[in-house]
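Subject: Structure for your review

Dear colleague,

Please find below the structure that I am handing over to you. My findings follow directly after it.

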Amino acid sequence: MSMSFSAVCVPFVESKVPSHLCSSTYQFSFGAPANYLHSESGRRVLLHGGPVHFCRTFCGLKRWIVENLHLEKHKRKLGPTNEFKSIKNQVKDQLQEDSNAETTKISSQVEESSVPSFQPHASVDVSTTTAESPFIPQTRSSKFPYECGEGPTLCIAVIGATGELARGKIFPALFALYYSGFLPENVCIFGYSRKDMTDEDLRSMIASNLTCRVEHQQNCGDKTDIFLSRTFYINGGYDNREGMSKLDVLMKQFEGKSEANRIFYLSVPQEALINVACCVADNAQSVKGWNRVIIEKPFGFDVLSSHRLTQSLLSKFQEQQIYRIDHLLGRNLIENLTVLRFANLVFEPLWNRTYIRNVQVILSEDLGVQAGRYFDGYGIIRDIVHSHILQTIALLAMEPPISLDGEDIRNEKAKLLRSVRKLEPSDVILGQYKARAGDKVDVYMNSLTPTYFAAALYIDNARWDGVPFLIKSGMGLIKHRVEIRIQFHHVPGNLYREQMGHNIDLATNELILRDTPDEAILVRVNNKIPGLGLRLDSPELNLLYKDKYNVEMPDSYEQLLLDVVNGDNHLFLRSDELAAAWNILTPVLDEIDKKNIAPELYEFGGRGPVGAYYLWAKHGVPWAED
């Protein structure tokens, strides 16, 4: 806490402090060295009086400050002079029983100096040298070289700022939003971790990853410098309560009297999440605006651990404050699902079991993964299927919401997920890639953690009864591919059946929403080949984004962080969605834990387990391959 004193003299009644605390060494129990009394304006403070009385007075002042920290918001509104008068009156009221107390004169000076040796009944000059303490962290008002405007401030704290995710994704996404004008002018970025670093160390660490938009490079260097000048580092140490108190003081120093909004991005390991979240809630939340907390997946490792995590978070935050982020949901393909469905008359009437034969959701990676945590019980089910795949299906298959408000959309997603039938182990194929000779791929051959997951889901409601939703997600496959394929039923009594050949499935109408490679919307139709005679073909009507839209596609973290700033939570999992997703997957996870299901090995760089093709055939679906 910092205090600004004008040049006035105010009597403080000395506190009843045991005499052994005020020995001839004249040390003071402030939680900081004796030469510390921080003045927001940088002035030194002169203290007059005998050393014993001086010590007792300031021990009492310290006690009063700690007990009245909750009044800080009220005191700020009073201004420096009125604030000091309020302090004076409250101290008088609190200590008025001590009728024999002596007074202490307090006057402000302009320059700083160190604490001289105390002489009895002499003036004491206490400098404003800062020091860390549980209540008054090391701060200086000169840390913020600019003045905040009249509007609300936004402080964004990246907890775990030295991690790979923060360096490579979070800070670059924040800069991209700042550069494009999507962050408010009064914004300040704080990096928080346990490493012993300075502001300049953090800025140097992230500067190489900051890039400007290709389509407009104006003032790129200036914007980068301004962004870095608004980025600060806090060494939180190993006590998160004390560390978050430091962060809170720094944020308050930046915010001043303005409306203060805060975002906390918890980029921390799962085992540290609850402690960090609780310390943020108790020590760093704003009381003058909204607070939002971003949490990275995994959101627990099973239904029980997820429930415990949820209960811990909800004991400290309200549901609307929690943003459970999955970066794959920030892709344009996912954002466009509701637009295609509800803004085009041609699609919505067909969006049901009467016209749709099956839906395929495909996410395949051509790269492997580092073994470590991935093979230590984490795996593709908890990493991709639980959040990304099931959220994609929920947005694709939900009923129309009453509005585009985030809660209305999440209500419909939750209803849809509760309607999904629990997975039967017989409808699931698991796989794990094996390295070929010479491949530098880490695989724990004794682990049962899958790197490939294929399954057939069914939704038990009137719209989708009997329609299989087929999932394929894997690592180390032949190519990187992210798409949704919606196959329609055959035309009843098709007059052109003979011209379509023996494989009628090749003539099936399809809507293909592709994210990678080459984002596009494709519609497969049947068409006559030009020329004499009657020959049919099944070409794709193609909307290729790179040809139609001359824009650089933003990173998914940019989109999701912008949604958090704007308070749009429709792409973030709510607690009931989270629980419904675990209920769907729990039977399979239990079988894996009991070792009743073993993953099928497949070649790294291949097409995945052979069993997936049999699964598709079991449900009457031709597997779509390039």
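The accessible surface of the protein amounts to about 28,800 Å², and 51% of it belongs to carbon and sulfur atoms. Please bear in mind that this is a predicted model. Of the 626 residues of the protein, 53% count as buried. The secondary structure comprises 16 helices and 20 strands. As to contacts between residues at least 6 apart in sequence, 79% join residues that are at least 24 apart.

Aromatic residues

The structure holds 11 aromatic pairs. One of them is formed by F175 and Y179, whose rings are tilted, with 6.1 Å from centre to centre and 40 degrees between the planes. Both residues belong to helix α4 (residues 164-179), where F175 and Y179 stand 4 residues apart, about one turn of the helix. F175 and Y179 are both buried.

F175 also pairs with F227, here in an edge-to-face arrangement with 5.3 Å between the centres and 70 degrees between the planes. Since F175 lies in helix α4 and F227 in helix α6 (residues 220-229), this pair ties together parts that are 52 residues apart in sequence. The relative accessibility of F175 is 0%, so F175 counts as buried; F227, at 2%, counts as buried as well. Ring pairs link F175, Y178, Y179 and F227 into a cluster.

K223 lies over the face of Y178, at 5.3 Å from the ring centre. The charged end of R292 sits over the ring of W290, 3.6 Å from the centre of that ring.

Cysteines

A disulfide is a covalent bond between the sulfur atoms of two cysteines. The count for this structure is 1 disulfide. C212 and C220 form it, with their sulfur atoms 1.9 Å apart. The link of C212 and C220 is right-handed, with 90 degrees about the S-S bond, and both cysteines are buried.

C155, by contrast, is in no disulfide, and the nearest cysteine sulfur, that of C188, is 5.4 Å away. The cut-off for a disulfide is 2.5 Å between sulfur atoms. C155 has a relative accessibility of 0% and therefore counts as buried. C278 is likewise in no disulfide; for C278 the nearest cysteine sulfur is that of C279, at 6.9 Å.

Salt bridges

Side chains of opposite charge can pair when their charged atoms come close.

In the pair R410 and E407, the side chains meet at 2.7 Å, N to O. Both residues lie in helix α12 (residues 406-419), 3 residues apart, about one turn of the helix. Which of the classes buried, partly exposed or exposed applies to E407? At 27% relative accessibility, E407 counts as partly exposed. R410, at 0%, counts as buried.

R524 and E510 form a salt bridge at 3.1 Å, N to O. This pair links distant parts of the chain, with R524 in strand β16 (residues 520-524) and E510 in strand β15 (residues 510-516), 14 residues apart. Both R524 and E510 are buried.

D518 forms a salt bridge with K546, and the closest N and O atoms are 3.6 Å apart. D518 lies in the loop between β15 and β16 and K546 in helix α13 (residues 545-548), so the pair ties together parts that are 28 residues apart in sequence. D518 is partly exposed, with a relative accessible area of 43%, whereas K546 counts as exposed at 55% relative accessibility.

A loop glycine

G236 is found in the loop between β6 (231-235) and α7 (240-255). Its relative accessible area is 5%, so G236 is buried. Leaving aside neighbours within four places in sequence, G236 is in contact with Y192, S193 and G243. The C-alpha atoms of G236 and Y192 are separated by 6.3 Å, although these residues are 44 apart along the chain.

With kind regards

Methods. Residues are numbered from 1 along each chain as its sequence is written. This is a predicted model: local features need pLDDT of at least 70, side-chain atom pairs count only at pLDDT 80 or more; totals for chains, interfaces and linings use all residues. Side-chain values use heavy atoms; hydrogens and water are left out. Rings of Phe, Tyr and Trp (its six-membered ring) pair if their centres lie within 6.5 Å; planes under 30 degrees apart count as stacked, over 60 as edge-to-face and the rest as tilted. Helices (H or I, at least four residues) and strands (E, at least two) are DSSP runs, numbered from the N terminus. Buried means under 20% relative accessible area, exposed over 50%, partly exposed in between (1.4 Å probe, protein chains only). A charge sits over a ring if NZ of Lys or CZ of Arg is within 6 Å of the ring centre and within 35 degrees of the ring normal. Contact means heavy atoms within 4.5 Å. Accessible areas come from the Shrake-Rupley method with a 1.4 Å probe; for residues, only the protein chains shown count as cover. A salt bridge is a side-chain nitrogen of Lys or Arg within 4 Å of a carboxyl oxygen of Asp or Glu.
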